[in-house]
Amino acid sequence: MLNKRIDGSQTRVTFRIPAPLKAQTITLVGEFNDWSQTATPLTLTPEGWITTLDLPRGHEYQYRYLADGQTWLNDWSADSYVPNELGGDNSVVKT
């Protein structure tokens with residue numbers, strides 16, 4: 001689930017995955033962090049896995065979630081999706 005709040009030239013985006021997802025770790029991997037598999041971990045809360053980023057307004061960023069360092073997940077509440085070179089789709093957030 002994506003939640004957005006505009007703050008001047010930035011958009012504060014909260015990325016959230018529902019709590020029932022069973023994993024030891026989940027990271028947010030995308031264009032905004034050079035596709036780093038470790039730079040943006042999500043935190044497990046009673047409401048689910050969550051992280052928040054401040055991103056420049058007026059851009060689109062491709063991203064995916066990585067569970068336990070091996071399972072790629074899409075965000076089913078993304079703004080859109082684009083095919084990737086691996087035969088799947090990347091989620092897209094529009095700021």
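Predicted model: local features only at pLDDT ≥ 70, side-chain atom pairs only at ≥ 80, totals over all residues.
**Figure 1. Overview of the chain, whose secondary structure comes to zero helices and nine strands.** From the N terminus on, the elements run β-β-β-β-β-β-β-β-β. The C-alpha trace spans about 35 × 35 × 20 Å along its principal axes, and the radius of gyration is 13 Å, which agrees with the value near 12 Å that a compact globule of 95 residues would have. Of the 95 residues, 38% count as buried, while the chain exposes about 5,600 Å², of which carbon and sulfur atoms supply 50%. When contacts between residues at least 6 apart in sequence are considered, 59% of them join residues at least 24 apart.

**Figure 2. The largest nonpolar core, which has 17 residues.** The members that touch the most other members are Phe15, Ile26, Leu28, Leu42, Tyr63, Tyr65 and Val93. Two or more residues each come from strand E2 (10–18), strand E3 (26–30), strand E5 (48–56) and strand E6 (60–67), and of these E6 gives the most, with four residues.

**Figure 3. The surroundings of Leu28, one of the core residues that touch the most other members.** With residues up to four places away in sequence left out, Leu28 touches Phe15, Asn33, Ser36, Thr40, Leu42, Thr51, Leu53, Tyr63, Arg64 and Tyr65. Among these partners, Phe15, Leu42, Tyr63 and Tyr65 are also named with Leu28 as core members that touch the most others.

**Figure 4. Ser91 in strand E9 (residues 89–94).** Ser91 counts as buried, because its relative accessibility is 0%. A polar atom of the Ser91 side chain lies 2.9 Å from the backbone nitrogen of Asp75.

**Figure 5. The salt bridge between Lys4 and Asp79, in a chain where the count comes to two salt bridges.** The closest N and O atoms of Lys4 and Asp79 are 2.6 Å apart. Lys4 lies in strand E1 (residues 2–7) and Asp79 in the loop between strand E7 (71–73) and strand E8 (80–83), so the pair ties together parts that are 75 residues apart in sequence. Lys4 is partly exposed, with a relative accessible area of 41%, and Asp79 is likewise partly exposed, at 32%. Side chains of opposite charge can pair when their charged atoms come close.

**Figure 6. The salt bridge between Asp54 and Arg12.** Here the closest N and O atoms are 2.8 Å apart. Because Asp54 lies in strand E5 and Arg12 in strand E2, this pair ties together parts that are 42 residues apart in sequence.

**Figure 7. Lys22 in the loop between E2 and E3.** Lys22 is exposed, with a relative accessible area of 74%. The C-alpha atoms of Lys22 and Asp68 are separated by 9.6 Å, although these residues are 46 residues apart along the chain.

Note on methods. Residues numbered from 1 in each chain as written. Heavy atoms only, no water. Core = buried A, V, L, I, M, F, W, Y, C linked by side-chain atoms within 4.5 Å. Buried < 20%, exposed > 50% of the residue type's maximum accessible area, 1.4 Å probe, protein only. Contact = heavy atoms within 4.5 Å. Polar contact = N/O pair within 3.5 Å; in protein donor to acceptor, adjacent residues only side chain to side chain. Rg over C-alpha atoms; globule rule 2.2 N^0.38 Å. Areas by Shrake-Rupley, 256 points an atom, 1.4 Å probe, with all protein chains shown as cover. Salt bridge = Lys/Arg side-chain N within 4 Å of Asp/Glu carboxyl O.
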